[in-house]
Amino acid sequence: MLTLLPALAYRFAIDLHRMLLENQAIIQQQTVINLSYVLENRTDLWAQQILSGTPTNQLSHLNLDKSVLWIVNEFGQVTYVVGRLSQQPSDLNKDWFARVGYFLIKTLSNVIPFTLPYPYPQSTNPEVALIRQAISGHTFQQYRMYKDNPISLMSATPLKLRGHIIGAIVLEQTMNSLLTDSLKRFYRLIGMGALIFLVVFFGAVLYIASLSKRIARLDYDVRNTFDAHGKVNKLNFSDILPRYYYDEISDLRHHIHDMLSQLSAYERYLKQLPKALRHELHNPMNRLSMSLSLLEQDIDHKQVRYSKHALEQLKQIISSLSEANSIEESLSMQEPEPFYISEMLTHYLENVIALNPDHRFNIQINMPSDTRVIGDGFMLEQLMDKLISNAKDFDNGKEPITISAALNTQNEVEILVQNTGKALPQSIEKQIFDGMTSIRETNADNQAHLGLGLYIVKLITDFHKGKAEAFNYMDIGNQPIGVVIKITLPTIKN
C-alpha cells in the first residue's frame, strides 16, 4: 500500500493539474475570440477595450502587462502589437508549500514518461504554426517552450471581414499570468500533501522496521531457548531496554516467557519423575516380589505367576524410563573423545554373535582400521545394543540380521542394521525416533514396550553429531519385507 499510494496520488495530481490548465487555455481561447469579435464588429470599441486599459466584463481578465496581442494580415505579416511579456517572479515564490508542489509536478512530469500535464502542443517558435492555422480559418493554441519549459501560452483565431478572412489575432500570455488563485491553491495542496506523506511514510517505515526488529529478536530468543534436542536449556526473555511501550508484541513476548517458564518447570518435573518413581516404588516392589516368591513356594497357582510377571513388567517400565533419563544426563556431562570405531565394532559384534546363538547374523565391516570418530565408545555400544535388540524383536528368521559398517562417498561412517519382518507404516520413518513411539505392543520377552529404544539411539547419534534414519527393506519386486536402520557418523582426519 505504501508503494501504491504515491502512484495513485501522483496520477490524481497530474489529472487535476491538466484539468486546471485546460480550463485556463479555454479562457484564453475565449478571450482571443472575443477580441476578434470586437475588432470585426465594433472597431470603435477597440480603443476602449485595449488602449484605454478599461476592458469590458467579457475581457476583464485580460492583463496586457503579462500578455501580448498581435494583429496579423492575410499574408501572415504582423501589423499591430500591443502589451508586453513581463517575466516577473511568480507569486508562488511567496508561498513555500506552493513552490514545493510546483517543483514536484514539474520535475515528476519531466521524469515520468507520458505524464506531461500541458494539454496542448509545445514548440520553441509556435507563432509560425499558429498564424498559418489562423489564416486557414482555425482557432489554434500552442505553448512556447524554452529548454523544455513552457514560458507562455499562445492562442490564435482568424480575423474576418464580411465573411472573408483578412488576417488573424494572436494572444500570448506568460505562464506566471496563468497561475491563477486556483492553481496556487492546487500547488500548495500538493506541497503540503507531499510533506505530510513523507512524514507518514518515513514514520511507517521506522515503525515497521522497529516491529520487524522486535519480532526477529523474539524469534531469536525463542530459538535459543531450546537446545538441539528440543529441550528448554536457557530462558532469558527480559527486554534489552526498559519497556517504554505496551503493545501486542510486548504482551506476546511476556506471554511466551510465562508459557516457556511453565513448560520448563513441567519438563524438570518430568525429568525427575522416573527417579522419584524408582526411589519411591523400589522398596514396596521388592517387598511385594519377596512376598510373591514365598507365596509361590506354598501355593502353585497361575494367578501368583501372573502377579509375578506383572511385577516384572512394572520393574522393566520404571527401568526403561530411568535409563533414558540417565543416558540423557550422562551425555550432557560427557566430554567427546576420538576413538577407533572399526576396532570397537569388531570386538563388540564378536560378543554379539557369541551371546546370541539363537539368531543368525551377517557381519560386514569394510572400513580402514584407523577410522576415527569423536564421541564415546561405550555410548556407541549402547546404541548398537538398542538397534540389535530392536532387530531381534522384529526379525522373522527368514534371513540373517545384517549388520554392516563402511565409509560412504562423503567419508562418513554408515552403520546399517537390517532385518526381515514387519515393515514400517507409511510416514512414520521420522516419528519412530521420538520418545514413547512404538509400532508394537510387546517385545520378544512378552513385556510392555515404551518406545524408548530408538529415542536413546537418536540421543546418542546426536551426541556424535550424526544422523539416524529408518526405512523399509525392499525385495526385488519393490515390496517391503523388513526394516533398515541407518546411522551416519562424521569421521575425523588422522
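## Around helix 4

Let's start just past the end of helix 4, where Gly137 has a positive phi of about 105 degrees. Keep in mind that everything here comes from a predicted model.

Helix 4 itself spans residues 127–135. Which of its residues are buried? Glu127, Leu130, Ile131 and Ala134 are. Those four span an arc of only 95 degrees around the axis, so they sit on the same side of helix 4.

## The strands on either side

Strand 3 covers residues 122–123, and it pairs with strand 4 in the parallel sense over two bridges. If you want a spot to look at, go to Gln122, whose bridge partner in strand 4 is Tyr143.

Why is strand 4 described as largely enclosed by the rest of the structure? Because five of its seven residues, in the run 140–146, are buried.

Now for the cores. The largest nonpolar core has 36 residues, and the ones touching the most other members are Ile341, Met384, Leu387, Ile415 and Ile487. Several elements supply at least two residues each to this core, among them helix 9 (341–355), helix 11 (453–463), strand 10 and strand 13. Helix 10 gives the most, with seven residues. There's also a second, separate core of 11 residues, which includes Val32, Leu35, Val82 and Leu171.

Setting aside neighbours within four places in sequence, Ile415 is in contact with residues including Ile341, Leu345, Met384, Ala405, Ile485 and Ile487. Ser404 and Lys486 are on that contact list too.

## Two asparagines in loops

Two asparagines are worth a visit. Asn411 is in the loop between strand 10 (401–407) and strand 11 (413–420). Its phi is near 60 degrees, a positive value in a residue other than glycine.

Asn478 lies in the loop between strand 12 (467–474) and strand 13 (480–489), and its phi is likewise positive, near 60 degrees. Asn478, at 56% relative accessibility, counts as exposed.

Note on methods:
Residues numbered from 1 in each chain as written. Predicted model: local features only at pLDDT ≥ 70, side-chain atom pairs only at ≥ 80, totals over all residues. Heavy atoms only, no water. Buried < 20%, exposed > 50% of the residue type's maximum accessible area, 1.4 Å probe, protein only. Pairing = 2+ DSSP bridges. Right-handed = clockwise from strand over helix to strand, strands pointing away. Core = buried A, V, L, I, M, F, W, Y, C linked by side-chain atoms within 4.5 Å. Contact = heavy atoms within 4.5 Å. Arc of directions from axis to C-beta.
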